[in-house]
Each structure stands twice: as C-alpha cells, then as structure tokens.
Amino acid sequence: MLLTDIYQSLKKDLKQIEYRLAETIHTDEKELLHSSRHLLDAGGKRMRPLFVLLAGHFGEYRLSELEKVAVSLELIHMATLVHDDVIDDAETRRGRKTVKAEWDNQVAMYTGDFIFARALTEVAGISDPRVHQILAKALVFLVRGEIDQIHDLYQADQSLRRYLHRIKRKTALLMAISCQLGGVVSGAPESAVRALYQYGYSVGMAFQMTDDVLDLTGDEKVLGKPAGSDLLQGNVTLPVIHTLENGTPTEQQMIQRYLESRGTEGDLAEILKMVCQSEGIPYTLALSKRYLNRALAALEKLPNTHERESLRFIGEFIVTRSF
C-alpha cells in the first residue's frame, strides 16, 4: 500500500471537500478572498479531512455530514496557521509567502478570524449537540496550547511533561477529534469512537514529534520553510530540551546563551548542527515510535477493514517520512 493509494480510494470525496473549502471561504471582499485563498491554494496533505472520511466508514458513511466536519476542521487548522505565522513572524509556509508576509499582520489576523468564523458556520449545519460540545472543548485546549507556546518561547527550563502538554493541545487534539467526530456523525458504536479518538491522539503526538525532528534535519525544499525555523522563532522542541538536560556542559551553555539572549547571541547554525548530532534526535524519534505503537494498539479495537489498514499505514508513514 502507498499513501497515494489511500488518497486515490477517496479521490471523489476529497475533491468534493476541496470544492467545499473554496466555496466556504468565498466572499465578495476581494482582498479578504485573496488572502483567504492564499494558504488554501498552497495545498497540503488534508490529513484531518482524510481522518474524518476514513473514520466515517466505521459507521453509516454519509458524505453530506462528514464533509461538514472535514471542512470545518481543515479551516480551523488553516486559521491557526495564519495566526501562528503572525506570532512567529514567519515568512514562508508550504513553500510560499505567508499571509502576513504577502500582506501584513493586520490582514493576516483578520483573515485567520474570517476562516475560523467560516469553519463554525459550516459545522453549525450538524444538529448533533455532541459534535459542538467536542469541538468547543477542543478549541479551548487549542488556544491554551497556543498561549503555552508563547509563554515557553526562549525558555530553557522546560520539562518533557510541559512539552507533551503543549503538543497535545496544539496538534494532537485536532487530529484526535477528526477521527472521533468522523465516527460520531456516522453513528459508529461508542467503542469504535473511543478507539478512533485514541488512535488520532497518539498519531497526532507522533506526528508533532517527527515534525520537530524534521524541522532540524529536513530539506528546506521539502519542508516549505527554512530548516531550524522552530529554534529561530524561539520554539524549544524536544530534541533541544533533551540536549539541555543531557548534553555536555558546553552544549548546554551554548543553547542557554542563545535562548537567554532571545536569539541575539550565539551561532544558530552551530547549535542546530550540535543538536542534530546529539542524542536528542534518536530520543525524540523513539518516543514518537512509542506513540505510534499506542495508535496501532487502538486500531486493534476496530473491525478489520480496509479503512483500518489505511489508518495503520498513515500512522506508520507519519513517523518514517523523509527518514
């Protein structure tokens, strides 16, 4: 099985979701339309819609309901990216200029707000109150995760526990509820809905850890942004945290000096090279694999179907991509 095979099997429905994404953010306000389309046109893997559709097969598969969830979650994800790029002062995203770089911070913030509002409008078409309760709770945690990241910028004294809480809120929860809500709106058994949530949460944790490693080791053309962007923007990820805790005194001092000066002192390129050669990379990848194993264990609670096999393959792909 290849990842392209999974997308191909859902090609028609994913195409419909892509159409609905564009339709949902359409507006007569030209500048807002162009800024909103900017990130959408850059593409993306559409992992959250893919999870929604695959999860929907464990109940009564109804695209008319599933697409509302899929479109809403993908738009929420997009809105957070637009806002993140303002906070991080990022210039590129998915290989092209960010909204804030193409326009300015004000346009970017209102664009993110608009996309977020359109996401809520889309999901409002679902009558099941559980959907709204799950989504609202997740959004509260998502915002808390964003605030946590702001508080943690350039902070050297971060623990593994703090890091895990942050990535759970910022990344894993949205993937978890993509799987969960796909099951809920399709009327899947409660046991299947719980298993889908557990799978999505664990895959989301593994995804972010792998992403944090790729930010340090990946190719800029593949990443769509400069390598080392996290540390450049003050985001202290697990490979760096591990090096701070277990590296040599020289390594620890180099990183602490960089962070305490908020990036104005120290050679970033040298620090990145040092972290890439440290035990922080294999440590992070090993923990990512542990979360993958939890995700695969959750899948064992689901019926043995083609969709379960697709979810298994996606999880394995996530932790091995570009390595």
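Is Asn-235 buried or exposed? Asn-235 is buried, at a relative accessible area of 8%. The model is predicted, so local features need pLDDT of at least 70, side-chain atom pairs count only at pLDDT 80 or more, and totals for chains, interfaces and linings use all residues. Residues are numbered from 1 along each chain as its sequence is written, and side-chain values use heavy atoms, with hydrogens and water left out.

**View 1. Asn-235 sits in the loop between helix H12 (229–232) and helix H13 (238–246).** Helices are DSSP runs of H or I with at least four residues, strands are runs of E with at least two, and both are numbered from the N terminus. Buried means under 20% relative accessible area, exposed over 50%, and partly exposed in between (1.4 Å probe, protein chains only). Asn-235 touches Asp-88, Gln-149, Leu-153 and Asp-230, not counting residues up to four places away in sequence. Contact means heavy atoms within 4.5 Å.

**View 2. Helix H3 (residues 30–41) packs on helix H7 (residues 105–123) at an angle of about 80°.** Their axes are 10 Å apart. Axes are lines fitted to C-alpha atoms, for helices over the stretch in contact, and angles run from 0 to 180 degrees between N-to-C directions. H3 and H7 are therefore roughly perpendicular to each other. Angles of 65 to 115 degrees count as roughly perpendicular, under 35 as roughly parallel, over 145 as roughly antiparallel and the rest as oblique. From H3 come Glu-31, Leu-32, Ser-35 and Ser-36; they meet Val-107, Tyr-110, Thr-111, Phe-114 and Ile-115 of H7. By class, this contact has five nonpolar, three polar and one charged residues. Ala, Val, Leu, Ile, Met, Phe, Trp, Tyr, Cys and Pro count as nonpolar, Asp, Glu, Lys and Arg as charged, and the others, Gly among them, as polar.

**View 3. The second largest pocket holds about 240 Å³ of space.** It has 14 lining residues, and the closest to its centre are Thr-80, His-83, Leu-142, Val-143 and Glu-146. Helix H5 (63–88), H7 and helix H8 (129–152) each supply at least two lining residues. The lining divides into eight nonpolar, three polar and three charged residues. On a 1 Å grid over the protein atoms alone, a pocket is an open set of points with protein on both sides within 12 Å along at least five of seven lines; a cavity is a set where a 1.4 Å probe fits but cannot get out; lining residues have an atom within 4 Å of a point. Points are joined across faces, edges and corners, and a volume is the space filled by probe spheres set on them.

**View 4. The largest cavity has a volume of about 50 Å³.** The count comes to one cavity of 30 Å³ or more. Its lining includes His-38, Leu-39, Val-82, Asp-85 and Arg-93. H3, H5 and strand S2 (96–97) each give at least two lining residues. By class, the lining has four nonpolar, two polar and four charged residues.

**View 5. His-132 lies in helix H8.** His-132 is partly exposed, with a relative accessible area of 30%. Leaving aside neighbours within four places in sequence, His-132 is in contact with Val-123, Ala-124 and Ile-126.

**View 6. Asp-89 and Arg-262 have positive phi.** Most residues other than glycine have a negative phi. Phi of Asp-89 is near 55°, and this residue is in the loop between H5 and strand S1 (92–93). Arg-262 has a phi of about 55°.
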